Amino acid sequence: MNKINPIYILLFFVVVLIISFTQLKEKREKLVTEQTNFLEFSKKALEYKSLVKKSTKENIVAFLEKVRNNPRYKKANIKVSNKEDSYIVSLRGNNLSTHQKLLNDILNNNFNIKQLNITKTNLEIELSYE
């Protein structure tokens, strides 16, 4: 039987070692790029989270106080009632411009709207706070 020369075995292990180290280096570089991408993504997520205002009870109450103190709504018949997890704002009357202004003010804020009923003489909106 022929014997395998030990130098060939040694060369084989050296080649396998070189290949494994090059693959390890490539994987490390890929890991570093993925980590930097993740850090950038998490920074953007935190920035987005800080920009988005949540619909909280305090925000809704502050908005409703502004509406009550606003001169354009003084003559309007605005009623606010409180439920367990929401406020119901109702506006009754024939003044469509007041309806439109109130609806625009509510929709321009970041509130969770559970229910919205609009008729010619009535506007009823249910604003929820999670």
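Residues are numbered from 1 along each chain as its sequence is written, and side-chain values use heavy atoms, with hydrogens and water left out. Because the model is predicted, local features need pLDDT of at least 70 and side-chain atom pairs count only at pLDDT 80 or more, while totals for chains, interfaces and linings use all residues.

**Core**

The largest nonpolar core has 16 residues. Such a core is a set of buried Ala, Val, Leu, Ile, Met, Phe, Trp, Tyr and Cys residues joined through side-chain atoms within 4.5 Å. Buried means under 20% relative accessible area, exposed over 50%, and partly exposed in between (1.4 Å probe, protein chains only). Ile60, Leu102, Ile106 and Leu127 touch the most other members. Two or more residues each come from α2 (57-69), β2 (86-92), α3 (96-108) and β4 (122-128). Helix α2 gives the largest share, 4 residues. Helices (H or I, at least four residues) and strands (E, at least two) are DSSP runs, numbered from the N terminus. In soluble globular proteins, nonpolar side chains tend to be buried together.

Ile106 touches Phe63, Phe111, Ile113, Ile125 and Leu127, leaving aside residues up to four places away in sequence. Contact here means heavy atoms within 4.5 Å.

**Surface patch**

Ile4, Ile7, Tyr8, Ile9, Leu11, Phe12, Phe13 and Val16 make a nonpolar surface patch of about 870 Å². Patch residues have over 30% relative accessible area and no salt bridge; like charges are joined within 9 Å, nonpolar side chains (Val, Leu, Ile, Met, Phe, Trp, Tyr) within 5 Å. Accessible areas come from the Shrake-Rupley method with a 1.4 Å probe; for residues, only the protein chains shown count as cover. Ile7 sits in helix α1 (residues 6-51). Its relative accessible area is 52%, so Ile7 is exposed.

**Salt bridges**

The whole structure holds 4 salt bridges. Each is a side-chain nitrogen of Lys or Arg within 4 Å of a carboxyl oxygen of Asp or Glu.

| Pair | Distance |
|---|---|
| Arg68 and Glu65 | 3.3 Å |
| Arg72 and Asp105 | 3.8 Å |
| Glu126 and Lys83 | 3.8 Å |

Arg68 and Glu65 are separated by about one helical turn, because they are 3 residues apart in helix α2. Arg68 is partly exposed at 44%; Glu65 is partly exposed at 35%.

Arg72 and Asp105 link distant parts of the chain, 33 residues apart. Arg72 is in the loop between α2 and β1, and Asp105 in helix α3. Arg72 is partly exposed at 43%, as is Asp105 at 23%.

The pair of Glu126 and Lys83 also links distant parts, 43 residues apart. Glu126 lies in strand β4, Lys83 in the loop between β1 and β2. Glu126 is buried at 8%, whereas Lys83 is partly exposed at 44%.

**Two asparagines**

Asn122 lies in strand β4 and is buried, at 16% relative accessible area. Its side chain makes a polar contact with that of Arg92 (3.5 Å). A polar contact is a pair of N or O atoms within 3.5 Å; within protein, one must be able to donate a hydrogen and the other to accept it, and residues adjacent in sequence count only if both atoms are side-chain atoms. Beyond four places in sequence, Asn122 touches Leu91, Arg92, His99 and Asn117.

Asn77 lies in strand β1 (residues 77-82) and is partly exposed at 38%. Beyond four places in sequence, Asn77 touches Ser90, Leu91 and Arg92.
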